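Thanks for making time this morning.

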Amino acid sequence: MFLFLLWLLLSLALLAVLSFLFLRQWLISRKNKLHSPSENGINVGIFHPYCNAGGGGERVLWCAVRALQDKYPNSRVVIYTGDIDASPNSILQKAKNVFNIAIDSDSVKFVFLKQRHWIEAKNYPHFTLLGQSIGSMVLGLEALCKFPPDIYIDTMGYAFTYPLFRYLAQSKVGCYVHYPVISTDMLKRVQQRQMAHNNKKYVARNPFLTWTKLAYYRLFSKMYKWVGCCAETIMVNSSWTENHILQLWDVPFKTHRVYPPCEVSHLKNLQHTEKSDEFIILSVGQFRPEKDHPLQLQAIYELRTLLAQDESLWNQIKLVIVGSCRNEDDYDRLKNMQDLTKHLSLENNVQFSVNVPYEDLLKLYQSAHIGIHTMWNEHFGIGIVESMAAGLIMVAHRSGGPLLDIVETSEGSQNGFLATDAVEYAENILNIIVNNSEMAGIRSAARASVERFSEQEFEKNFLRAVSTLFTNL
């Protein structure tokens with residue numbers, strides 16, 4: 001029996017090795033065939049399963065594509081996407097409408113992936129990180145088989161796809177990390193048994209479940225480190241992300257801080273048309289759980305308490321929440337927030353605007369006074385920068401990118417405000433409203449501070465970081 005089991009294990013191991021070698025040979029052969037003599041270029045595959053979502057990550061994608069087209073005109077950019085319900089023309093038109101970014105359609109190819117459901121969080125109610133990571137390998141394998149590229153760049157943080165492209169297709173691998181899948185902050189929250197959107201109440205209250213989750217997170221972080229090290233160049237979008245990637249992956253010589261592209265030149269020239277009978281607080285961001293939109297509603301509720309003696313001023317205040325919905329889960333969250341608005345009796349002071357065209361967003365920037373952003377440990381905050389460029393007084397969360405890179409609160413150089421809870425947000429908003437005539441200096445400082453986050457700076461630093469991937473090809 002022992003000899004039989006040993007023979008079985010050796011046979012399975014041999015079968016696995018032979019399958020790996022066969023698949024690698026087939027993919028390399030297929031990759032070589034994609035280079036016809038007439039093309040004479042490099043195929044750059046960009047993995048972005050939600051390229052039609054319309055969020056900040058998609059602005060990074062389209063600016064990166066435009067930069068690659070300008071720098072390497074003989075190359076072909078291949079975008080792996082799961083947006084099978086959209087045509088290439090409609091996707092590129094949305095990039096133009098939402099971000100004002102024009103892409104040359106002749107040198108872009110879309111590879112549509114049918115297995116995107118493998119990375120949907122709703123399919124993994126437990127062990128979500130591991131489930132989505134394994135699911136990304138399934139989706140990555142589909143992408144790889146459909147079109148093995150010379151260079152592979154992941155722009156959505158699916159690190160578990162890196163070894164597939166590096167070792168199976170021998171592609172050069174790069175990545176742009178918006179947010180580490182796991183972080184030391186997440187470990188601390190679980191260890192301290194704090195409730196959050198990724199640490200449910202029943203887990204936080206149970207010592208055994210907390211211990212189990214910590215063990216799971218620590219094991220996952222080791223796996224995350226191994227796959228992350230498969231990338232040859234690693235771009236991070238902020239100081240916060242850089243610190244965590246260096247802790248998790250320990251790759252100081254591969255890491256480049258490349259701030260995401262923000263529309264600043266056009267926004268800085270916007271003229272405000274603020275209405276005297278209305279005071280608009282503007283929120284811009286996708287309807288995702290980590291954005292913590294309910295905290296914005298709670299802040300407005302607390303603001304109403306502070307203005308209990310001034311009903312006329314309260315009636316002038318309106319929170320406008322602008323966001324995009326990627327899928328059914330996002331629409332469900334939107335519906336829940338609308339219900340919460342009614343529960344808090346804020347329906348006359350809160351407005352939801354979904355998937356608005358860029359031209360309408362510009363009008364909102366012109367009429368708004370204050371910007372609000374409530375995500376804890378926001379990796380960067382493109383919406384924050386763009387709101388500041390448009391001349392809004394920003395109130396952001398005292399953590400992550402806003403704290404380390406964007407918002408300065410020191411006297412003499414202040415360009416915005418930071419807060420941590422609903423009461424502090426409400427107090428800051430009230431301070432801005434009451435002292436609105438004295439906010440010109442902060443508004444000017446905010447607009448002057450955002451130039452380092454421009455699209456031009458992003459493209460320059462992005463091309464510098466990926467240049468090593470194009471050598472010897």
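**Helix pairs and selected residues**

Let me start with H11 and H17, which are oblique to each other, and please keep in mind throughout that this is a predicted model. Helix H11 covers residues 293-306 and helix H17 covers residues 422-434, and the two pack at an angle of about 60° with their axes 8 Å apart. The crossing of H11 and H17 is right-handed. On the H11 side the contact is made by Leu295, Gln298, Ala299, Glu302, Leu303 and Leu306, while H17 contributes Ala422, Val423, Tyr425, Ala426, Glu427, Ile429, Leu430 and Ile433.

If you select the residues on your screen, you will find Glu58, Arg59 and Trp62 of H2 meeting Ile91, Leu92, Ala95, Val98 and Phe99 of H3. The residues of this contact comprise six nonpolar and two charged, with no polar ones.

Is glutamate 142 buried or exposed? With a relative accessibility of 13%, glutamate 142 counts as buried, because the cut-off for that label is under 20%. Glutamate 142 sits in helix H4, which spans residues 128-146, and, if we leave aside neighbours within four places in sequence, glutamate 142 is in contact with Phe112, Leu113, Lys114 and Gln115.

Leucine 246, in helix H9 (residues 239-249), is partly exposed, with a relative accessible area of 29%. Not counting residues up to four places away in sequence, leucine 246 touches Val251, Pro252 and Thr255. The C-alpha atoms of leucine 246 and lysine 225 are separated by 9.9 Å, and those two residues are 21 residues apart along the chain.

For a position in a strand, please look at isoleucine 280, which belongs to strand E8, residues 279-284. Isoleucine 280 is buried, its relative accessible area being 6%. Beyond its neighbours within four places in sequence, isoleucine 280 is in contact with Lys318, Val320, Ser367, Ala368, His369 and Ile370. By contrast, the C-alpha atom of arginine 166, a residue 114 places away along the chain, is separated from that of isoleucine 280 by 49 Å.

Finally, the cysteines. How many disulfides does a search of the whole structure find? The search finds zero. Cysteine 175, for instance, is in no disulfide, and the nearest cysteine sulfur, which belongs to cysteine 229, is 10 Å away. Cysteine 175 is also buried, with a relative accessible area of 0%. Cysteine 262 is likewise in no disulfide, the nearest cysteine sulfur being that of cysteine 63 at 9.1 Å, and cysteine 262 is buried as well, with a relative accessible area of 1%.

Notes: Residues numbered from 1 in each chain as written. Predicted model: local features only at pLDDT ≥ 70, side-chain atom pairs only at ≥ 80, totals over all residues. Heavy atoms only, no water. Helix = DSSP H or I, 4+ residues; strand = E, 2+ residues; numbered from the N terminus. Buried < 20%, exposed > 50% of the residue type's maximum accessible area, 1.4 Å probe, protein only. Contact = heavy atoms within 4.5 Å. Disulfide = S-S within 2.5 Å. Nonpolar A, V, L, I, M, F, W, Y, C, P; charged D, E, K, R; others polar. Axes fitted to C-alpha atoms, helices over the stretch in contact; angles between N-to-C directions. Parallel < 35°, antiparallel > 145°, perpendicular 65-115°, else oblique. Left-handed = near helix turned anticlockwise from the far one by under 90°.
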